[in-house]
Every structure is written in structure tokens, then in C-alpha cells.
Amino acid sequence: PFASAVEQYVDRERQRQALLRAEAQQLEQQMDEKKEELNEWQQKKDPEPKAHPATLEARQALCKQGAVFAPFYALVEFREDVPEPLQQTIEATMLATGLLDSLVTAEPLTVKHDRVLRAQPQLMAHTLADYLQPDRAADTQVPLSEVEAVLQSIRIGHDETSDSLLTIEEDGSYRIGLVQGHAVPVEQVRFIGRTARIRYRETQMQNIQQELAALEARKQRVEA
């Protein structure tokens, strides 16, 4: 009986050690993934909304052709008097409508797997230009006048008499032709304005570093 008990104990211990080794290996893999994710964020010059690989490839092709363009969010910043909750709503709405990452170009462009904003200024109307302004420090050759014209083309508030194809509301509602919708809110402004992008990048890196530290602590406990 004693020998049998010892054998059972040894078997259970082997199983426990095998499970701990497997868990440690899994934690090591998760840490490697987090380290890779952290490195990607450290290498990023600027955070950007997720885009389809085909879109990224098409934009690289445009760059090689010498086309002058930039995504809308990288060309604008909020006016100082726009409160933060409204900033969040506007960014969420621009994300939902596809405006945020659409291209603004110096000259007319035909794009593939992408979107371009064609300015149709709504003069004497309540537009996005009342909330956003061109970022004069943006690293781009897209003319400020074109950015301003695009801002003046996006109406704020629904007007039955308007011929505008796109309108957005301060509450996150929007209309694109026949389509009406409401944007999913965002917790913080992430892309509009250089300061917001810097803050978002730093927050992401801090979060990943905290996750890495938690994984490392867990791995040490498993291996103890």
C-alpha cells in the first residue's frame, strides 16, 4: 500500500509539473506577442485608424506615383472652444461615416480600394468648419484651402432645403444620401489632432507594458 501511494503521488506530481510547464510556455508565448505589439506601437510615428491591407497597398502605390494626399484626420484639429464630449461624438461620427480616414488630395485622384473627399462647400451654412480647422503644422503638401473647403462641405444638422448628400449631428446621428445612422461612441478622441494621437499612442504603450508586467508576474508564480 505504501509503495502504491508513493507511485500515485509521483504520478500526480508529474502531471502537475507538466501542467505548470504548459502554462509557463503559454504565458511566454503571450509575452512574446505583447512584446511584438509594443514594438509596433513604438515604431509608429502616428496612430492611425485600422485600414484594409488592400487600402494600405493602394496608398503606397499612390505615393510611388507622386500623388499628394493625406487622410482627413491628419489634416485637421479641433477648435479650442469645442468641449471634449462633443469632440468624442464628432470623431465617432466621422469614423462611422468613413470620413475620418478618407483622403483629401491636392489634385483630383482616381482611387482603388479607398475613399476620396470631393469638396462642395456649403456657404453660409453650419458646417464642420465651425468645429474643426486645418492643422497648419501638418506634414503635408495638401493645400490648407482644400482642407478648409472639405470642412465647409460637411453640414452639421439636418436641413430639408439643403442639397447636401452628407450631414452629421452633434448627437452622433448622420445621413449619407438614403442612409441614416447613429455612431457608436468612443471613450476618447484618438485621431483628430496631433496631441490626441500622441496621448493615444502613449496610453496604448502603457497598457501593453502593464499587461506584460502582469504576465511576467504570473509566469514567475507558475515557475516558483
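Glutamate 211 is partly exposed, with a relative accessible area of 35%. In this predicted model, glutamate 211 forms a salt bridge with lysine 34. The pair links distant parts of the chain: lysine 34 sits in helix 1, glutamate 211 in helix 5, 177 residues apart.

Lysine 34 also bridges to glutamate 37. These two are three residues apart in helix 1, so about one helical turn separates them. Lysine 34 is partly exposed at 22% relative accessible area. Glutamate 37 is partly exposed too, at 28%.

Another bridge joins aspartate 114 to arginine 59. Aspartate 114 lies in the loop between strand 3 and strand 4, and arginine 59 in helix 2 (residues 53-64), so the pair ties together parts 55 residues apart in sequence. Aspartate 114 is buried, at 15% relative accessible area. Arginine 59 counts as buried at 11%.

| Salt bridge | Closest N and O atoms |
|---|---|
| Lysine 34 and glutamate 211 | 2.5 Å |
| Aspartate 114 and arginine 59 | 2.7 Å |
| Glutamate 37 and lysine 34 | 3.4 Å |

The whole structure holds 10 salt bridges. Glu28, Lys219 and Glu223 are linked in a network of them.

Helix 5 spans residues 194-223 and includes alanine 213. Alanine 213 is partly exposed, at 49% relative accessible area. Its C-alpha atom is 9.0 Å from that of methionine 31, 182 residues away along the chain.

Helix 1 covers residues 2-43 and contains valine 6. Val6, Tyr9 and Val10 form a nonpolar surface patch, with about 250 Å² of accessible area together. Valine 6 is partly exposed, at 36% relative accessibility.

In helix 4 (residues 144-151), the buried residues are Val147, Ala149, Val150 and Leu151. They pack against strand 2 (76-78), strand 3 (103-105) and strand 4 (132-134).

Conventions
Residues numbered from 1 in each chain as written. Predicted model: local features only at pLDDT ≥ 70, side-chain atom pairs only at ≥ 80, totals over all residues. Heavy atoms only, no water. Patch = residues over 30% accessible without salt bridge, like charges linked within 9 Å, V, L, I, M, F, W, Y side chains within 5 Å. Areas by Shrake-Rupley, 256 points an atom, 1.4 Å probe, with all protein chains shown as cover. Salt bridge = Lys/Arg side-chain N within 4 Å of Asp/Glu carboxyl O. Helix = DSSP H or I, 4+ residues; strand = E, 2+ residues; numbered from the N terminus. Buried < 20%, exposed > 50% of the residue type's maximum accessible area, 1.4 Å probe, protein only. Contact = heavy atoms within 4.5 Å.
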